[in-house]
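These notes are meant for a colleague who is opening this structure without having seen it before. Please read the numbered points beside the sequence and the view of the structure.

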Amino acid sequence: MTPETLEALILDSDDALQVAHAFSGLDEKERSKLSTTAQKIYRQLHHSKADKSASPRLVALLNARGPNTWSYWSARETRNALLAMFAVGPASAVKKRDIFVWQEHMPPLDIIVRDRRPDWIDDWIAHMLDSDSSGLDFEILRGWVRDGVCRKPEADGYYRMFAWYLMRTNTHNRKAPRVPPITVQLLADPGLIPDIDGLFRVENIAFNTNGWLTKGAGDDYETWTEALIKLSATGHVDREHLLGLALEGLTLDLKQNQLSGFHGFYRKMAPTPDEQSRHQQRYIDLLCHPVGHVVKFAIDMLGDLEKRGSLDTKPVLREVQTVFSSEGKGNATAALKLITRVLARSKATDPEALGAICEALRHVNADVQAQALDLLEKNAAALGDAQRDMLCSAEPFIAASNRPRVAKLLGSATNAAAPAIEPPDEIPHYQPIAPDPNAHSVLESAAPVEPIATIDALIEAVLHAAEVVDSPDEIERIIDAISRLAGDRPFDFAARTAPLLHRLQNGQSSAGVTIGFAGVGLALLDLLHTWVTGRLHRTTRENVAYYTVEDSFAPVITHLRVVTERVARRESRPLLCAPTHEGGWIDPLIWVNRLHALPAPGIAESMDFRLSLLRLAPDNRTEARARLADLPEPLRRLANFALGGDDAPDRGDRSNHAAWITAARCRAPLGDWTIVFAALELSDVWPDSITPARYAWRAGQKVTEAHGQRWKHPELTLSVTCDGAEVATGTGLFGRVRQAFGQRITTDWAALPSAALNRRVESARYWSGELHVLWVTQWLATIWPQNPAASHIKGVRRLAQRLDENSSSWSPSSGFFQALFQRGRPWGETGHLLLCIGLIGKDADARGLSIDALIEGIDARLFDPALFAATMVQLAQGEWVKFNRLGEALMLVVPVSPLHAAVVSDALQQCLPRLDLRQKNIFHLLEVIVEAQALTGQKLTSDARAALETFDGSGKAAKIAKHLQSFT
């Protein structure tokens, strides 16, 4: 076979099997001669781009392809080239990241591999199995192992394939033959039985219980658990070995659902008393496991042993104390019950059991502490010096509501109802800061941003940002430095930036600037490429259906494009909008100095000028106004108006209305400027343009039905309006006609940075887009640091869409909370809504940041109890608020200080009269008030007391309500 016939085979053949057979009989020397040709052809077909070595025929084929070149990955000729790579190529070629093997490739690939038997086959199989998108077929792979074509793989992916293949149902392919039960498959191929061990070593779906796994299965279908129980009963697999594998699997660092499958399998194996006795030490070892349900399994197994009187109490009592160091309430309660039974069996004389109960007082949950105190009070006569010492050492960990009981046990109090600690004489008066963003200084608490001064420092900064962006301030420093140093290109610049260029072209860090797929990230990459190469880069990319590009960044993209074109011309210029302080702030004094230093023509009309206006800090504005006299018009008037001076727009400013509107938003971010701008005759419908944005939201439930089943999902409907009108998505024909006749000028949201932030509130695709990148979400809040409400709303939308989902590195949430940590910047309703959603969500990262924000927000007087109460009450109307999550979060804020306790208690007391107190888990909020009142000693409000009086019955909420009413 010659290179020419190889190309003809690849481009002409419609039959993949024909391609596979065409290489039959070639020796390795002949294959080696064809390797380079096969690789070149595949590379060109895969990328739909011809190179200099391409034949006229290949060039014509590639030119005939449409604009969506990515869609040709599965074209006939691309598939043939892929098969040719395996027939003649080396291991390095078939292991490249642009080589994708799919199920349809496997039959012809089977022919090629069996004929060639390459020496790299084991290495390639391991490489494929380590990939997350392996298209290997298990049946073909198993045939290779049986026939000696390859060794049995040891990669984790092999056991995942093994588990899935044997438990498949083929419901997606009705023409496929019925799948035999797992036991039948294993007994038909006994060589697979030793692979069962791997199911307990790696993450796989063998023991998952999801219903979709068995959908459409036949009557004789077996789960892996059922199959292994049968095989152990018939002696084909050793029963003790299986039980040991399950227990050993629980000690591995695997996902929680995998571990749940292991102990679920163990329970279904129904271990005998003798087997449980032999496994007792393994149960004890699992008491310190970091996963709660594994600990619960261990406690249950030890409980079975205790009931039969075969528990080895000494090591159990020593290790069970570790359960109290975790936050879970359920396991701590179960551990106390086990200790109680041990204590009862010893007739309340076991000092180690009493010591273990004392250790429970260190648990974070007040209920667990109360249960431990119940036991200690019943056995107070048996407490010795050792236990009293433990009580004393545990006192700092004990909730305020439980301290009187501890004091009584220690004999230091005569009245159990008296507080164990003296409430503070006076709690500072709490008054949230005023809602006007310009009424508070911000620069005192914001660290200055140091500009990048040299080319070497800039190269280092970009190299670091290619891997990880520390903060949006770093992005701003880089953009500013590139603009200022655009004309500074030393003779060895290309050599010094070569590693950087390689990283920009090939890097794939999800935390760096190379993640830029579209939107602002792509515009930033174009700027970086232009600076490094000296040639203008302007990447155009069609909108992708599965990727959401944020319109909020449209003005920033416009700005970046202008800077990029200037850098390509090697024109150096400092930027007006470069932050002087962290968080995106610009000191007005420095800003005025920049205005004086820059050439006047075009500045007032530039996007750089508009972006800088939104970043002006409230500080130093009066002093800055005094330095405007020498500025040319209209720049002086604009700057004076923005900083609070007497100037105002008139009809002559219509052509530059975007700058004047932005200046108005700088001057009074929350103001309505309709009257001031009436003379300009503008047709404007955009929130936070001439009129301020108004955010409306409603908590409800969304009902979905499928396959005869009905589900309810939490739903938070968000909208943004101005003057009561819903946001329009376009200017419309009428607006353009009026503009053409000179009657009114229609404003463009993309030219207004403040309006662009509100351009899109709802998004159908929350799982893919620019806001999945942490530094991009952080950057969003720095565009208009005076008023981050739009950023808050986007964070609320994203968090509400995944309210009951765990933390995710794919969709990080922490960036949205950055704005809540800026001192001197009022949160407003949107900030409190973001805080509330973070507190009640399942995302641990979001909850942790919400708790930190609440603690700092109380210190800085940013948190408003009345706003919090109104927001939480409105959310509760959706009937999906998890009060247990809210209570647990607030319980971590209460002990910070008496002030924090008083403010949290005030907020919850304002909630009580307006909440439906019959909702599930409402008692968690009452527990928080109990702790807060115990710390502060303050009286309940009359409204809160009236709400508590509505509780009746003997439930937990009623008992706590009755207890709260005893506070005087």
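This is a predicted model: local features need pLDDT of at least 70, side-chain atom pairs count only at pLDDT 80 or more; totals for chains, interfaces and linings use all residues.

1. Buried is taken as under 20% relative accessible area and exposed as over 50%, with partly exposed in between. On that scale glutamate 426 counts as exposed, because its relative accessible area is 70%. Its place is in the loop that runs between α23 (403–409) and α24 (455–467).

2. As for the protein overall, it has 45 helices and five strands, and its C-alpha atoms fill a box of roughly 95 × 95 × 55 Å along the principal axes. Of its 968 residues, 54% count as buried. When contacts between residues at least 6 apart in sequence are considered, 73% of them join residues at least 24 apart.

3. On the α1 side the contact involves Pro3, Leu6, Glu7, Ile10 and Leu11, which meet Leu34, Thr37, Ala38, Ile41 and Leu45 of α3. Sorted by class, the residues of this contact are eight nonpolar, one polar and one charged.

4. Which residues of α1 are buried? They are Leu6, Glu7, Leu9, Ile10 and Leu11. The cover over these buried residues of α1 includes α3 and also α2 (16–22), α4 (56–63) and α5 (76–88).

5. Helix α10 (residues 156–167) deserves a separate look. From the first C-alpha to the last, its 12 residues reach 17 Å, which is close to the 16 Å expected at 1.5 Å a residue. Nine of those 12 residues are buried, so α10 is largely enclosed by the rest of the structure. The buried residues of α10 are Gly157, Tyr158, Tyr159, Met161, Phe162, Ala163, Tyr165, Leu166 and Met167; among the elements that cover them are α8 (121–129), α9 (138–146), α11 (182–188) and α12 (224–233).

6. From α40 the contact draws on Pro865, Ala866, Phe868, Ala869, Met872 and Val873, while α42 supplies Val903, Asp906, Ala907, Leu908, Gln910 and Cys911. By class, this contact of α40 with α42 has 10 nonpolar, one polar and one charged residues.

7. Asparagine 921 is located in the loop between α42 and α43 (923–936). Is asparagine 921 buried, partly exposed or exposed? With a relative accessible area of 24%, asparagine 921 is partly exposed. If its neighbours within four places in sequence are left aside, asparagine 921 is in contact with Phe883 and Asn884. Lysine 956 is 35 residues away from asparagine 921 in sequence, and the distance between them in space is 9.3 Å, C-alpha to C-alpha.

Methods:
Residues are numbered from 1 along each chain as its sequence is written. Side-chain values use heavy atoms; hydrogens and water are left out. Contact means heavy atoms within 4.5 Å. Helices (H or I, at least four residues) and strands (E, at least two) are DSSP runs, numbered from the N terminus. Ala, Val, Leu, Ile, Met, Phe, Trp, Tyr, Cys and Pro count as nonpolar, Asp, Glu, Lys and Arg as charged, and the others, Gly among them, as polar. Buried means under 20% relative accessible area, exposed over 50%, partly exposed in between (1.4 Å probe, protein chains only). The expected span of a helix is 1.5 Å times one less than its number of residues.
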